[in-house]
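Let's walk through a protein model together, one piece at a time. Keep the picture open beside you and look up each part as it comes along.

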Amino acid sequence: MAQSHTHDHASANTPCAPQDVDAFLAEAEALVVRKGQRMTRIRRKVLRLLLENEGPAKAYDLLANLDGEGAAKPPTIYRALDFLQETGLVHKIESLNAYVACGHTSHNHSAVFLICDICQNAEELHAVATSQALKKETEAAGFQMTRAVIEVRGRCRRCHA
Ligand SMILES: [Zn+2]
Ligand SMILES: [Zn+2]
Ligand SMILES: [Zn+2]
């Protein structure tokens with residue numbers, strides 16, 4: 001765990017980002033602006049839907065819930081999701097073909113998801129050491145990594161009890 005990162009991570013998936021949706025969106029917007037980009041209405045709305053969703057969400061669930069944004073078409077959603085992934089605010093879980101808001105945008109990390117075979121819940125691990133190891137090992141292989149999502153299958157705390 002990084003020195004600057006002192007809060008408690010007793011639970012595997014305790015997010016480091018604010019739990020409050022509006023506070024999270026404010027931080028996300030600041031991050032986007034720092035990168036010289038713009039948090040458009042559709043990007044913000046998609047991120048809000050992901051934050052409010054209990055688990056990973058499929059693109060068509062997002063599309064169905066974009067009320068008041070009647071002009072939103074699938075390509076618009078996918079563009080917004082691509083942007084949010086590039087900025088690290090959202091991860092895609094390929095094996096579930098679904099998206100989640102990232103709880104660890106405040107520090108460098110690799111997205112490591114613990115996906116339960118029984119309840120299909122996906123928790124993002126606070127994975128700082130993994131990120132450093134992956135960076136080192138991919139560099140040693142002469143590979144320039146841009147991003148990584150690691151999907152770990154098994155049984156969650158609740159289901160293996
Ligand atoms: Zn993340
Ligand atoms: Zn489970
Ligand atoms: Zn974290």
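Start with β1 and β2, which pair in the antiparallel sense over four bridges; two strands count as paired if DSSP finds at least two bridges between them. Strands here are DSSP runs of E with at least two residues, helices are runs of H or I with at least four residues, and both are numbered from the N terminus. If pairing is new to you, strands of a sheet pair through backbone hydrogen bonds, either parallel or antiparallel. One link to find is Val-90, whose bridge partner in β2 is Ala-101.

Before going further, keep in mind that this is a predicted model: local features need pLDDT of at least 70, side-chain atom pairs count only at pLDDT 80 or more, and totals for chains, interfaces and linings use all residues. Residues are numbered from 1 along each chain as its sequence is written, chains are lettered from A and ligands numbered from 1 in the order in which they are written, and side-chain values use heavy atoms, with hydrogens and water left out.

Back to our two strands. β1 and β2 form a hairpin with four residues between them. Asn-97 counts as partly exposed because its relative accessibility is 43%. The scale goes like this: buried means under 20% relative accessible area, exposed means over 50%, and partly exposed is in between, using a 1.4 Å probe and protein chains only.

The zinc ion (ligand 1) has His-91 (NE2), Cys-102 (SG), His-109 (NE2) and Glu-124 (OE) as its protein donors, at 2.0 to 2.2 Å. Donors are N, O and S atoms within 2.8 Å of the metal (3.2 Å for Na, K and Ca), and water is not among the atoms, so sites may look incomplete. Why is this arrangement called tetrahedral? The four donor atoms subtend angles of 100 to 132° around the zinc ion (ligand 1), which makes it tetrahedral; for four donors, that label needs all angles to lie between 85 and 135 degrees. His-91 lies in strand β1 (residues 90–93) and Cys-102 in the loop between β2 (98–101) and β3 (111–116), so this pair ties together parts that are 11 residues apart in sequence.

There is another zinc ion to visit, ligand 3. Its protein donors are Cys-16 (SG), His-104 (ND1), His-107 (NE2) and His-126 (ND1), lying 1.9 to 2.1 Å away. The site of the zinc ion (ligand 3) is tetrahedral too, with angles of 100 to 116° among its four donor atoms. Here Cys-16, in the segment before α1, is linked with His-104, in the loop between β2 and β3, and the two are 88 residues apart. Cys-16 counts as buried at 14% relative accessibility, and His-104 counts as buried at 1%.

Next comes an open sheet of three strands in the order β4-β3-β5, with mixed pairing. β4 (122–125) and β5 (149–154) stand at the edges with a single partner strand each, so one side of each has no neighbour in the sheet. Between β3 and β4, which run antiparallel, there are four bridges. One pair to look for is Val-112 with its bridge partner Leu-125 in β4. The loop between β3 and β4 holds Gln-120, a residue other than glycine with a positive phi near 65°.

Finally, look inside. The largest nonpolar core has 26 residues, and Val-46, Leu-47 and Leu-89 are among those with the most contacts inside it. Such a core is a set of buried Ala, Val, Leu, Ile, Met, Phe, Trp, Tyr and Cys residues joined through side-chain atoms within 4.5 Å. Its largest share, six residues, comes from α1.

Technical notes: Tetrahedral: all angles 85-135°; square planar, octahedral: opposite > 155°, others 65-115°.
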